[in-house]
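Okay everyone, thanks for coming. Let me put the structure up, and then we'll walk through it together.

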There are 2 protein chains.
Amino acid sequence: VQQLLSSLAEIVGEKNVLSGDAVTGRNPGWCRTSLDAGLMVRPASTSEVSRVAAVAHANDLVVVPHGGMTGLVQGTSSQANNLIVSFERMNQVTRVDPAQGVLIAQAGVRLQDAHDAAAEHGLTLGVDIPSRGSCTIGGIISTNAGGVRVIRYGMTRENVLGLDVVLADGTVLEASNTLMKNNAGFDLKQLFIGSEGTLGLVTQAVFKLFPKPVDESTALVAASSVSDLVKLLTRVRREMGSKLLSFEGMWHDYYWGVTEHATTGNRPIAEEYPIYAIIEAGEWTDSRETQLEQVLSAALEDGLILDAVLASSLAERRAIWLIREDTDPVSQLTDRMLSFDVGFELRDIEPFVEGLSRAMSQRWPDKPLYVFGHMGDGNLHIILGLSNEEYANQKPFTDVIYGEVGRYANSTISAEHGIGLEKRAYLHYSRSEEQRLLMQRLMLALDPTSMLNPGKIV
Amino acid sequence: VQQLLSSLAEIVGEKNVLSGDAVTGRNPGWCRTSLDAGLMVRPASTSEVSRVAAVAHANDLVVVPHGGMTGLVQGTSSQANNLIVSFERMNQVTRVDPAQGVLIAQAGVRLQDAHDAAAEHGLTLGVDIPSRGSCTIGGIISTNAGGVRVIRYGMTRENVLGLDVVLADGTVLEASNTLMKNNAGFDLKQLFIGSEGTLGLVTQAVFKLFPKPVDESTALVAASSVSDLVKLLTRVRREMGSKLLSFEGMWHDYYWGVTEHATTGNRPIAEEYPIYAIIEAGEWTDSRETQLEQVLSAALEDGLILDAVLASSLAERRAIWLIREDTDPVSQLTDRMLSFDVGFELRDIEPFVEGLSRAMSQRWPDKPLYVFGHMGDGNLHIILGLSNEEYANQKPFTDVIYGEVGRYANSTISAEHGIGLEKRAYLHYSRSEEQRLLMQRLMLALDPTSMLNPGKIV
């Protein structure tokens, strides 16, 4: 052990080898993530990560990568004798190139910092998620993060042009491609996006940049049914094309619960309706056509929506988004929150939520069920309010929810959060045996000794 | 052999097992593709492809997939004793779902037919390439095809939601995902996109659909330099956002050569300028703001461009595109055409073309050099006019071109055509040894007996 510690200290410097409470004290308490690794290193460069991996490989150590620790599926859980590689010191934005439209950042850069660096040039990254102040580039790549602008810019995968990666044996795969098009053989970076740290350690990434809208319109609307909102979505898409940035749904109990218990007392639409949505559109020219207002006025006249509020200031915009992004108020309603991240074709959203409500209330009458999420992408988040006892024995709840998800041929138990440890036992709901075997075959090919974040996904 | 033939006939039917001239007569004469396989089967379903693969696997037969045979890199070359799997009978559009915004098509569907099926619903696929009338869904996926609308919709990879694939041993990987977001473990379809048939046989695909523009404006412009055109590109992007559909460059000799020798006598701009570009924008509303015209008028006033013609009819639009898409007229100027497909950061386009012209003219004065391509994506096509003798010994020409490409840190020897056999010896210009070894490792993991399109890429 002493030999190992001094090898690691030689690579990253003594003060960047941590152990004991300095490691375990970092558990953010999300989900049921365990943080039992006794050892952590904090490398400062790709080459240090490479040397750390080589040492771990030679010593049969399991390596668990840490980014911003905002994941929700125990994707960073570690066991005794694991070695955590924290990317917190790799926090440099390496290059912002407005002419080429790319930003290069080390894995430990916070998403917000990358956005800020792009904004200095009037540009924006396509990926944006509520945890932007904590989550890191490496984490969003490992989980192929989604977020609030997928409807416009796609998932993280669609936004990454190149990656530098360290393989299990320390091999450095430099692939910081900045080209829009590159078909010179396999697109190897795809392997590492969304594989949750099981195939390699992402150390640096090239992101596409987009012109930042000169203006954004944000509306909160209310409707009598999901199907009316889906019709509105179709109409907004047709009339506004790629000006549509976000289309987020919030079912009654979620909206009401959050606004009832928020310390801000913020409730922009004060009437009760079955469902609410946040719709955001961007303008790239100064023409100031308030197109979102026009589309929503017409939808109000048609009865497609029942109420609408358009933010008239940045403060109002933030107040509207806070309802969607800050789930804390509902968490205060119960001991524990059990959260899900499921996905459907748009037409299946309504029957799924109805069926789930029925199934839940039959078995557990009056159990709080909060539904919200990226409705425009068919991605719902579900929060169940559980007692501590129920949370400790959560399988019956999970079984009911995934049982309902499984009724739909095109559905997923994870639209954006990933699988981690938390959903591994349920992967068969969304992936066939052939698919799971191929995932294992890839793990074996890239990481034959199961050194990289083992036990996650399959 | 007789046993093998009857096994195959049992799967696909006797008349769908072809041999001899019925196979070799299919060589379209592109590049130097060899078509020496003595045997071809034409399965009609994923399950038939699976059974064919299992038979090939059991008989140690190499399998080479055939789509529309429009590739340019000898990606479908076959040798004696290979078994060709042609997808020509798998030509059904399985589902068009305007509500979900997806189209599902078998691998043998021609791209044009998929576009037609989408257009019936006012929708469009994002992928469009000049060979749309011949190329197939399976081929564009295998090569991760680019084309004329990458600047708006991305490469084929960004447009595919799901794939059905048959692995080397006949295992069927059904993954016809129709969801916008699905993070349930690895995104396995990424493996098969752009891997040129070396990892599996794509049998069916799910494509995203987009609202078709209600109107398209097409302009031909002329400028005095590449850098002025790059400035124009930046301006058009900023002012028109995602209305920009295409930005295609044509250098003087290409434009002049094509328009001089086209049978149509079509030359919308009759003056000689150093460089021309086709710019196309879409309108999704009926507002009929002729925004492209405004942007180009301003650019003319500023001297950023020197001339411009805006198509005022569908016929004029087609005439403009014909200059870019029909390279036949330049092919008549020489015995043989040697074509390249290289990519750069935007700032490197001008010095690359200048350096290449210098290097070429030093060694081969007055050798015709035609440059054109998807300038907005940094992707240039280069055609050299060679004599038959020069074509037979083309290495010196290729070496000069890739030598010039290699001067730029961010460059590629294949932006969209792929590697095939043709560029395999040059892959090291664009991919490191570590990357090439990882490609081989993946081939070994998915196709341990090298049964699928072996020898291509690495």
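So, start with helix H16 of chain B, which runs over residues 395-405. Keep in mind that what you're looking at is a predicted model. Which residues of H16 are buried? They're Phe397(B), Thr398(B), Val400(B), Ile401(B), Tyr402(B), Glu404(B) and Val405(B). "Buried" here means under 20% relative accessible area.

And what do those buried residues of H16(B) pack against? Two helices of chain B are on the list, H14 (346-363) and H15 (388-392). Then you've got the strands E16 (336-344), E18 (379-386) and E19 (411-412), also in chain B.

Now let's zoom out to chain A. Its secondary structure comes to 17 helices and 19 strands. How many of its residues are buried? Of the 458 residues in chain A, 61% are. And if you take the contacts with a separation of 6 or more, 73% of them link residues 24 or more positions apart.

What about overall dimensions? The C-alpha trace of chain A spans about 75 × 55 × 45 Å along its principal axes. A compact globule of 458 residues would have a radius of gyration near 23 Å, and chain A has 23 Å, so the two agree.

Chain A carries 39 positive and 56 negative charges, and their mean positions sit 4 Å apart.

Last thing, confidence. Chain A has a mean pLDDT of 94, with 98% of its residues at 70 or more. For the complex, the predictor gives an ipTM of 0.95 and a pTM of 0.96.

Terms used. Residues are numbered from 1 along each chain as its sequence is written. Chains are lettered from A and ligands numbered from 1 in the order in which they are written. This is a predicted model: local features need pLDDT of at least 70, side-chain atom pairs count only at pLDDT 80 or more; totals for chains, interfaces and linings use all residues. Side-chain values use heavy atoms; hydrogens and water are left out. Helices (H or I, at least four residues) and strands (E, at least two) are DSSP runs, numbered from the N terminus. The radius of gyration is taken over C-alpha atoms; the globule rule is 2.2 Å times the number of residues to the power 0.38. Buried means under 20% relative accessible area, exposed over 50%, partly exposed in between (1.4 Å probe, protein chains only). Contact means heavy atoms within 4.5 Å. Lys and Arg count as positive and Asp and Glu as negative; His and the chain ends are not counted. The place of a charge is taken as NZ of Lys, CZ of Arg, CG of Asp or CD of Glu. pLDDT is the predictor's confidence in each residue, from 0 to 100.
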